[in-house]
Amino acid sequence: MSAEQDQKLTCADCGQEFVWGAREQEFYREKGFQQPKRCKDCNRARKERREGGGGWGRDVDGNR
């Protein structure tokens with residue numbers, strides 16, 4: 001059993017609190033990932049902007 005407890009974090013984009021669950025913390029630790037900075041909705045929106053911006057490495061206007 002993990003010693004981790006759910007944590008409340010604040011999203012860097014929208015400012016809303018979100019819960020970073022104990023199981024997620026364990027997964028992040030095992031993979032060597034850092035603590036998340038964004039809630040799931042903002043993370044999804046950020047990923048969609050990156051992927052839908054006209055190709056890799058381009059911003060919303062298609063600039064590099």
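This is a predicted model: local features need pLDDT of at least 70, side-chain atom pairs count only at pLDDT 80 or more; totals for chains, interfaces and linings use all residues.
Trace the chain from the N terminus, and the elements come in the order β-β-α-α.

Of the 64 residues, 17% count as buried.

Now hide the surface and select Leu9, Cys11, Phe18, Trp20, Cys39 and Cys42. These six residues form the largest nonpolar core.

Is cysteine 11 buried or exposed? Cysteine 11 counts as buried because its relative accessibility is 3%, under the 20% limit.

Move on to cysteine 42, which at 15% relative accessibility also counts as buried. Display its surroundings and ignore the neighbours within four places in sequence: cysteine 42 is in contact with Cys11, Asp13 and Cys14.

Then show the cysteine sulfur atoms. A disulfide is a covalent bond between the sulfur atoms of two cysteines. How many disulfides does the count give? The count is zero, with a pair of sulfur atoms required to lie within 2.5 Å. Cysteine 11 is in no disulfide, and its nearest cysteine sulfur, in cysteine 14, is 3.7 Å away. For cysteine 42, the closest cysteine sulfur belongs to cysteine 39; the distance is 3.7 Å, so the two are too far apart for a bond.

Finally, return to the whole chain and display contacts. Among contacts in the protein with a separation of 6 or more, 28% join residues 24 or more positions apart.

Note on methods
Residues are numbered from 1 along each chain as its sequence is written. Side-chain values use heavy atoms; hydrogens and water are left out. A nonpolar core is a set of buried Ala, Val, Leu, Ile, Met, Phe, Trp, Tyr and Cys residues joined through side-chain atoms within 4.5 Å. Buried means under 20% relative accessible area, exposed over 50%, partly exposed in between (1.4 Å probe, protein chains only). Contact means heavy atoms within 4.5 Å. Helices (H or I, at least four residues) and strands (E, at least two) are DSSP runs, numbered from the N terminus.
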